[in-house]
Amino acid sequence: MTFRRKLLLVFTLTVILSVAAVAWLVQAVTRNAFEKTESERTATLVAQFQREFNRRGDDVARRVSSIAASDPIVRMASALNGTPADSAEYFDLARSMAESHQLDFLDLVDERGVIISSAQSPAKFGYPESAFDNLAGLNQQGAFLKLEELQDSSALGLFAVRATRAGDHPVYVIGGRRLDKTFLSALELTPDMRALLYENRGDRFSADQLIDPGASGPASGENRPANRFQPLIDAVRRDDREMTAVLRWSSDQADEEMFHAIPLRGVGKDRPLLAILLIGNSRRQYVELRRRIRDAVLLAGGAGIILAVLLSSWAAARVTRPVERLAQAAQDVAGGNWNSSVEVQGHDEVAQLAESFNRMTSELLAQKQRLVQTERVAAWRELARRLAHELKNPLFPLQLTVENLIRARTQSPEQFDEVFGESSKTLLAEISNLKGIIGRFSDFSKMPQPQLRPVPVNEIVTAVHQLFQAQLPAPGRAAITCCLQLDERLDPILADAELLHRVLSNLVLNAMDAMPNGGALTLRTRNDASNAVIEVGDTGTGLTREECERIFTPYYTSKQHGTGLGLAIVQSVVSDHGGRISVLSEPGRGTTFVIELPKNAGRG
Amino acid sequence: MKRFGWQWLAASSLLIGALAVSAETRPQFGGTLHVAMHAAPSTLDPADRTVPDSFGRRGLTSLIFDTLVNVDDSGRVKPALAESWQPAGGAQHWQFRLRHGVQFQDGTPLTAEVAASSLRFANPSWSVRAEGDAVVIDRDTSAQDVSESDLLAELALKRNAIVKRNADGSLSGTGPFRVTEWERGSRLTLVANENCWQGRPFLDSIEIEFGKSFRDQMTALQMGKADFVEIAPDQIHRVSQDSHRIVTSPPMELLALVFVRDASSPEEKSVREALGWSVDRGSIRDVLLQAAGLPTGSILPTWISGYGFVFPSTADLAKARQLRGQAHSVPNWKLGYDNGDSLDRLLAERIALNARDAGLSVQPIVSSASDVRLVRIPLTSFDPWIALQELESEVGLSGPVAAPKAESVENLYAAEQSLLATRRVIPLFHLPVSYTSAVGLKGWTLQPDGAWDLSNAWLETAKP
């Protein structure tokens, strides 16, 4: 990834994270505000419920007091007072009194707690009123919550107890009104709130026990089944404390409702959990607000990101352009273009860096030119030395032969012809020798350019191996073994087969010369990532470090009768193929030449 | 046994009669009587046994139809459409000579053929034929000994009334009133039969409304919309404190729990027995029935059988719990009751409460799909055997009690005990049947079978 892209990515991520952080902050603030509002509304509704509860309780207590003070009840109390009274004739009294005083429940109970008459369960006469352990204690107290057992079910109600005394034997009037949909409907709720009541009877949750005043409305019914309340109800029943839960009615989050469950308890020592008030707040407003915020954030964020990308792209380009120029110049220099330089703009750190780069390349170029010049001089000197050395050997016999001819002419004319004939042969032979020397130098200067064609490297190596196979066990010399290790995965490469054959032959000849006492010759090919690699190794005398450094220099040789052009020609051929040759050697252990030829040589 | 019953009936009737006569003045012709009744019969045919028997239905039958013989308050058989009867060709053949000059309400004369056809329709197993102006009944005596009193008692049953069934499906009788308008199960209008063999009735017409609850009937009476109504047992005490005339029969209606199917195992029988022991009949009588009726553990009332007290009727919760404890599983019974009767609802709820005390599960419902029903079965006859057989038939038991050749009390007791041992029926109470009327209605009486008799009733101030 380029520096500019990295910079752009950093800028963009910074903007995105900033926008996300702001969005999260806004949403968190919104949620807190909504929860606070919801909490306040729930508290208001609970207070309203309590007020309505108390108002209805007072109403029930007033009606029950009125019944207790009525003539029929007083007459009944008098009739039953202290005598083995026949209460049968009063069996229907509770029903008529409940009707006249508009109470849903009314029990007339004697001082032993036995039901004399019951409006809601007329058949219960003679049975004990088991819901209260201390009726006298409840007399004159305010209304309380009670779950009234009916024939096949039970009902929640607000009850009050009043006693009518005629003498020492009181008759208790226990009256109540049902806490039902009508009661819940009387609560003033905002449109997005609702109140439900769960009658807590039985050990298990039952949907039938949920009183929902809007059960027939759109907010309830099949789309909002009552059994969804079960986890919340069960939790309140289990932990016996107020709880809050969000109920999801559909896949649409806007349909969610947050319910606050408040346990309602009865009277008595245990204060049993009789009902659970459920106050629901629709989350539609909150969800819609959250959606609007999200949309706004997405819109602003998107626009901001686009703007940020553009701005950061411009800024990154401005920042990275000199760096890119520097990088390009460095690449040019690495590619051999020592004249590459960077335009210097401004005076900042990047400009200083560019200036330093330009200075550095200038100095490197100068040093290179000096080095080349030095090497050229050294090469000429070496060439002159070699030429002098090569030419000195034939010149000396020539000089001796000519001097011998002159001496013979002057001192022994009779033998001149004989000497002339022999000297002529010697002169011709040495001249021929000189021509040979000059021809080799000429050949080196006229190395042909390689004709690249797809060449199977393994076949060329195998051909070289076969060529020298007969010369390895030479008479008068210890035998040389040859090991051929070919990489079958090696595909053909673009190369000049003839030149490559010459290169390998030259290296094999050198290896054989390096093993006068025999040894092992290894020809190996292998497949590198981007190169075809050929190795020619021997177990001969090896080379010193200095020899390794100069071995490819033209006219340098470590042999007594070498021209010093063989490995120079090898390096030249490998170089013309776009490849590289190196030598690994250790004195006494042998030498290995490694040729790396590009697989795609010449394709570019 | 029977003497005891007749004496009770006779004494109460005499008392009622004495009270009534002293208050009545000279009968007047004319007027329309308005009657409300609880039953809502879907047919007027007395022989149709698909319709439950009721005192109201019997009263209706007696207004439109006549039987060959009647039974008076003393239990004696009196001639009705049959002037006389005698054995014909042996004790198994009885010849009933019809009264001359009797006409059906459609003007056709009463003939032996019509009477024989009517009796055959009502009793398919009987061999009945007409011989001249007499009806001859041949009884099959191979299985049981049929006495004269048995045959006459059966002929006096309302279901054996003589009915002329016309081709168009209409019915015609010889009774004091004829049908002019009939809205099945809802309303019936009768007008006086001018040619009645017993003489024209005093009333011009009677309008009867069916299916009225006891409370609605009392309301209609108090508002002057009805002249004659039935009284629920629990209302007898309260109504008696008003100025209305009340006539109450001996306890001749059995209030019982009847299971719709036989017990499938001895264990189920035990659980049913536990239910019988759990019901606190005493409290129910004192409170719900307001002291009306008699708690019972027997099917036949003591005043008919003489031994009813032998069957325990007091609650024994310990025994009920013991029986229930012996059962491995206890069914959840659905107790069906008559939705139109508030007393029945209370009774069912109280029985459910009592059952719960014994660890039994009983759920009162108004649906007909019940396991056990709270039913009222009017006793058909003073003859205990006939009453027992009719009750068996009414309950739907598969093996009716056969009258043995020796009609001894021991055999009757054994038959009743055998019937109770099936645990299909749990007797609870024997209830009286009571009626009351507006002050201006005179001359009405109670028939021995508990039905009202309005054939001689008249309105003190005739209504237009």
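Two residues are in contact here if their C-beta atoms, placed from the backbone, lie within 7 Å. All views below come from a predicted model.

**Figure 1. Chain A in overview.** In chain A, 63% of the contacts with a separation of 6 or more are between residues 24 or more positions apart. The chain holds 13 helices and 17 strands. Of its 604 residues, 27% count as buried.

**Figure 2. Chain B in overview.** Chain B has 464 residues, and buried ones make up 48% of them. Its secondary structure comes to 13 helices and 25 strands. Among contacts with a separation of 6 or more in chain B, residues 24 or more positions apart account for 69%.

**Figure 3. An open antiparallel sheet in chain A.** Five strands of chain A line up in the order E2-E1-E5-E4-E3, with antiparallel pairing. Strand E2 (115-118) and strand E3 (144-149) of chain A stand at the edges. Each has a single partner strand, so one side of each is left without a neighbour in the sheet. On average, neighbouring strands of this sheet are turned by 35 degrees against each other, direction ignored.

**Figure 4. Strand pairing and helix packing on the chain A sheet.** Strand E1 (residues 105-109) of chain A is joined to E2(A) by three bridges, and the two run antiparallel. Within this pair, Asp107(A) stands opposite Ser118(A) in E2(A). Helix H1 (residues 3-68) of chain A packs on the sheet. H1 touches strand E4 (154-166) and strand E5 (169-178) of chain A, and its direction makes about 40 degrees with that of E4(A). Helix H3 (residues 93-100) of chain A also packs on the sheet, where it touches E1 and E2 of chain A. The direction of H3 makes about 140 degrees with that of E1(A).

**Figure 5. Strand E19 of chain B and its two partners.** Strand E19 (residues 372-378) of chain B is mostly covered, with five of its seven residues buried. One partner is strand E15 (residues 253-259) of chain B, which pairs with E19(B) in the antiparallel sense over seven bridges. Here Ala256(B) stands opposite Val375(B) in E19(B). Another partner is strand E17 (residues 332-336) of chain B, paired with E19(B) in the parallel sense over two bridges. Gly336(B) has Arg373(B) as its bridge partner in E19(B).

**Figure 6. Helix H12 of chain B.** Helix H12 (residues 384-395) of chain B has twelve residues, which should span 16 Å at 1.5 Å a residue. Its end C-alpha atoms are 16 Å apart, which agrees. Among the buried residues of H12(B) are Trp385(B), Leu388(B), Leu391(B) and Val395(B). Glu390(B) and Glu392(B) are buried too. The cover over the buried residues of H12(B) includes E15, helix H9 (302-305), E19, helix H13 (409-421) and strand E20 (425-431) of chain B. After H12(B) comes Gly396(B), with a positive phi near 95 degrees.

**Figure 7. Helix H11 of chain B.** The 16 residues of H11(B) should span 22 Å at 1.5 Å a residue; the end C-alpha atoms are 23 Å apart, which agrees. Buried residues of H11(B) include Leu343(B), Leu346(B), Leu347(B), Ile351(B) and Leu353(B). Charged side chains are also on the buried list, including Asp344(B), Glu349(B) and Arg350(B). The buried residues of H11(B) pack against helix H7 (266-278), H8, E17, E18 and E19 of chain B. Gly359(B) follows H11(B), and its phi is positive, near 85 degrees.

**Figure 8. Where chain B touches chain A.** Ten residues of chain B are in contact with ten residues of chain A. On the chain B side, helix H8 (281-288), helix H11 (342-357) and strand E18 (361-365) each give two or more residues. H11(B) gives the most, with four residues. The chain B side divides into four nonpolar, three polar and three charged residues.

**Figure 9. Nonpolar cores.** The largest nonpolar core has 192 residues. Those that touch the most other members include Leu197(A), Tyr198(A), Leu33(B) and Ala256(B). Beyond its neighbours within four places in sequence, Tyr198(A) is in contact with residues including Leu210(A), Phe229(A), Ile233(A) and Leu278(A). Another core, of 33 residues, lies apart from the largest one, and Leu499(A), Ala514(A), Leu521(A) and Val574(A) are among its members.

Notes
Residues numbered from 1 in each chain as written. Chains lettered and ligands numbered in written order. Predicted model: local features only at pLDDT ≥ 70, side-chain atom pairs only at ≥ 80, totals over all residues. Pairing = 2+ DSSP bridges. Axes fitted to C-alpha atoms, helices over the stretch in contact; angles between N-to-C directions. Buried ≥ 20, exposed ≤ 12 C-beta atoms within 10 Å, placed from the backbone. Expected span 1.5 Å × (residues − 1). Core = buried A, V, L, I, M, F, W, Y, C linked by C-beta atoms within 7 Å.
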